[in-house]
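User: I have a structure to read and would like to learn how to go through it feature by feature. Where do we begin?

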Amino acid sequence: MDLVFELLNGNTRALARAISLVENGGVEKEALLGSIFHLTGKAMVVGITGSPGAGKSSLVDKLIGELRANGASVGVLAVDPTSPFTGGALLGDRIRMQEHVLDKDVFIRSMGTRGSLGGLARATREAIKILDAFGKDVILVETVGVGQSELDVMHTVDTTVVVLTPGAGDVVQTMKAGIMEIADIFAVNKADMEGADRLAVEIENMLDLGQSGPWRPPVVKTVSLTGQGVGDLYQALTKHWAYLRESGLLEKKREQRLRGEVFDLVVEELRQEIDSRLENKGMMDELLARVISREINPYVAADRILSELRGARKYG
Ligand SMILES: Nc1nc2c(ncn2[C@@H]2O[C@H](COP(=O)(O)OP(=O)(O)OP(=O)(O)O)[C@@H](O)[C@H]2O)c(=O)[nH]1
Ligand SMILES: [Mg+2]
């Protein structure tokens, strides 16, 4: 495929086109992802999550600078489950990451839902693969911390940075949302504002209460407007990568992810197959009418359907 050739030759426009392709779905997408798969698995993927306005984009902008200074090429996906917009960079992100727009080793892209939350996590996963195959060393994925969809996205990254800000009542909220558990690193951003030290202490206290594993998430104070503390954040990231590699956790995580991916593909295919076979037989409607009238129960109905699909029956 032409696109693959261009992509692997470092053509940035091909990269943008390839990501649009995975957003739109379809047969072409599978062919593309299939032919680049052997080149994936090299990049370190970092998720940056936190409340709206926590300073994630500004932090990403400064982090790009740090990564570039250390010789890494960078891909950025700004994933916004609250926005239907996609393609190119959102205006805000483009302004905030302006410094790097002309750097050919930095690629920035926004992704919105287009009306399907589940599809967003998947499209993000696939876009990560494309950036990875393209040869980006580090891929930063910014997501707004609003719930399940961004948790899904976070399951596809190697390192998760949770960004909290003073005075936002963030600790309790993020704990409730189940985001605390997925943090590998905490960034207390807007550390130029009052309450940053208190927030950092609060997080440390909370970490004291939790179970202690081999990795205790470091708490780093940052001011993403000035870049203060971003060097520390970079250090924390490289430490986490070393930990992931040396402990064998990286390999394990990736293995689990691939297992889940293959399983999901099989389930999805089966679901579609079952759907169309049931529709052909008109069996679902007929059985459902009998369930609704309480003539049979749902277990019996499901059993009839299953046995029709594969042979024997459990309940007579
Ligand atoms: N005082 C202060 N303000 C900051 C800092 N970092 C970001 N801001 C401001 O916070 C606002 C939001 O910054 P963004 O970087 O867009 O935050 P975000 O988390 O990406 O926002 P969304 O993507 O909309 O959720 C902007 O007005 C920034 O200027 C900081 O370190 N200190
Ligand atoms: Mg942002």
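Analyst: We begin with residue classes: Ala, Val, Leu, Ile, Met, Phe, Trp, Tyr, Cys and Pro count as nonpolar, Asp, Glu, Lys and Arg as charged, and the others, Gly among them, as polar. By these classes, the shell around ligand 1 divides into 6 nonpolar, 8 polar and 4 charged residues. This is a predicted model, in which local features need pLDDT of at least 70 and side-chain atom pairs count only at pLDDT 80 or more, while totals for chains, interfaces and linings use all residues. Residues are numbered from 1 along each chain as its sequence is written, and chains are lettered from A and ligands numbered from 1 in the order in which they are written.

User: Which residues come nearest to ligand 1?

Analyst: A residue is near a molecule if its C-beta atom, placed from the backbone, lies within 6 Å of it. Of the 18 residues around ligand 1, the nearest are G55, K56, S57, S58 and K190.

User: Which helices supply the shell around ligand 1?

Analyst: Helices (H or I, at least four residues) and strands (E, at least two) are DSSP runs, numbered from the N terminus. The chain has 13 helices and 7 strands. At least two shell residues come from each of α4 (56-69) and α5 (91-96), and α4 gives the most, with 3 residues.

User: K190 was in that list. Where does K190 lie, and is it buried or exposed?

Analyst: A residue is buried if 20 or more other C-beta atoms lie within 10 Å of its own, exposed if 12 or fewer, and partly exposed in between. K190 lies in the loop between β6 (185-188) and α9 (196-209), and it is buried because it has 26 C-beta neighbours inside 10 Å. Of the 316 residues of the chain, 38% count as buried.

User: What should I check in the backbone?

Analyst: K190 has a positive phi, near 60 degrees. R294, also not a glycine, has a positive phi of about 65 degrees. R294 sits in the loop between α12 (283-292) and α13 (298-310), and it counts as exposed because 7 other C-beta atoms lie within 10 Å.

User: Which residues of the largest nonpolar core touch the most other members?

Analyst: In soluble globular proteins, nonpolar side chains tend to be buried together. A nonpolar core is a set of buried Ala, Val, Leu, Ile, Met, Phe, Trp, Tyr and Cys residues joined through C-beta atoms within 7 Å. In the largest, of 65 residues, V46, I130, L140, V141 and F186 touch the most other members. Helix α6 (residues 117-134) gives the most to this core, with 9 residues.

User: What is V141 in contact with?

Analyst: Two residues are in contact if their C-beta atoms, placed from the backbone, lie within 7 Å. Leaving aside neighbours within four places in sequence, the contacts of V141 include V45, V46, L77, T124 and V157.
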